[in-house]
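User: I have a structure open here. Can you walk me through one residue and then the rest?

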Amino acid sequence: VDPARDTFGAMTGLYGAIQPADSVSLSTRTHGAVFNLEYSPDGSVLTVACEQTEVLLFDPISSKHIKTLSEAHEDCVNNIRFLDNRLFATCSDDTTIALWDLRKLNTKVCTLHGHTSWVKNIEYDTNTRLLVTSGFDGNVIIWDTNRCTEDGCPHKKFFHTRFLMRMRLTPDCSKMLISTSSGYLLILHDLDLNKSLEVGSYPILRARRTTSSSDITSSGSSGPRAVASPCHQNNSGPLSEKTLSRPSQREGGSPRNSLEVLTPEVPGERDRGNCITSLQLHPKGWATLLRCSSNTDDQEWTCVYEFQEGAPVRPVSPRCSLRLTHCIEEANVGRGYIKELCFSPDGRMISSPHGFGIRLLGFDARCSELVDCLPREASPLREIRSLYSHSDVVLTTKFSPTHCQIASGCLSGRVSLYQPKF
């Protein structure tokens, strides 16, 4: 018997037993909507990114308020990322990133300037100690925290694309995923953050829609169909068939920083287009989790896509690294606001904002590992439990990395904690 699997079974059993009455409301003065929640790696601190320039810090175990960074930024705080148990970074619509130390919260460690529009996402490569940020200016910027001073960190623009929404690194930092408001998903394979990507300097893997194997077979010998890429190529414009078809795969794998452009299949959106608003990755790097909304903003879906490694099955078939395995339709409330969802630490469950609450979703009724219940065709996610304790639309949710606890934050600024009662 695998002891780790026993532990996962116990944890998912506890999550399944959580009741809405077990929530604890955390609130201070008016700080606007809660846009993001982040636990420290050791689970001792819960940070809250707020609409009105504030960052709140709580002790999630005692539910006590620790500190309010009342002027953390000059505009909305969008995302928080811990570099270790004491250092964390925040980003804002004021176009800056700030570094903070939990041991000295009265002042910032430094402020990073480099973006020209709202900064929406922060990632961190623990191997190279490089901070990676993305914003609505379309830029992905690399910051060298090894050489950080009070004046900032050396930085360089790594990548640029139009309509950028979210950017994530896989847990092993071997891939970068970028979602766009135009429905594209970009994957940089065999990632090398030390090599800045200028226009035309990255190999293009074949781009296609993530569809069923029958669709791939039906493409026959016609090769990949060209799609309008969000990536800038010679003053933008669609990628040509010639560009897409040039050889780009080396023997046994892809070249460094090779780009794949996908339009993920979303149920019910085949002819209407969609916007990928939220992007998360499975903690073991097995899959990606997307929240998609239709272009008319009247339908939302949560979708899970399995990573498929290796070269195409047939040389004439376009490469397609993702396969839709599970999906579920979401409540169509809070139009215009992005809802951030997440995986549990063991990857067996998903917490998804759903109206005025959250839903805990599993790949099957037993909360099995994804690899143990992969369907032949896309299957519905199973609802394990629904938790409702807010009086407004929930925008973000997060699992604690160390305790059986879930946090959620809503449009009116309330944060709720859910945990089993013993």
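**Ser-321 and its surroundings**

Analyst: The side chain of Ser-321 makes a polar contact of 2.7 Å with the side chain of Glu-260. A polar contact is a pair of N or O atoms within 3.5 Å; within protein, one must be able to donate a hydrogen and the other to accept it, and residues adjacent in sequence count only if both atoms are side-chain atoms. This is a predicted model: local features need pLDDT of at least 70, side-chain atom pairs count only at pLDDT 80 or more, and totals for chains, interfaces and linings use all residues. Residues are numbered from 1 along each chain as its sequence is written, and side-chain values use heavy atoms, with hydrogens and water left out.

User: Is Ser-321 buried or exposed?

Analyst: Ser-321 counts as buried because its relative accessibility is 2%. Buried means under 20% relative accessible area, exposed over 50%, partly exposed in between (1.4 Å probe, protein chains only).

User: Where is the place of Ser-321?

Analyst: Ser-321 is in the loop between strand 21 (300–307) and strand 22 (322–330). Strands (E, at least two residues) and helices (H or I, at least four) are DSSP runs, numbered from the N terminus.

User: Now the whole protein. How many helices and strands does it have?

Analyst: The protein has 3 helices and 30 strands.

User: And what share of the protein's residues count as buried?

Analyst: Of its 422 residues, 57% do.
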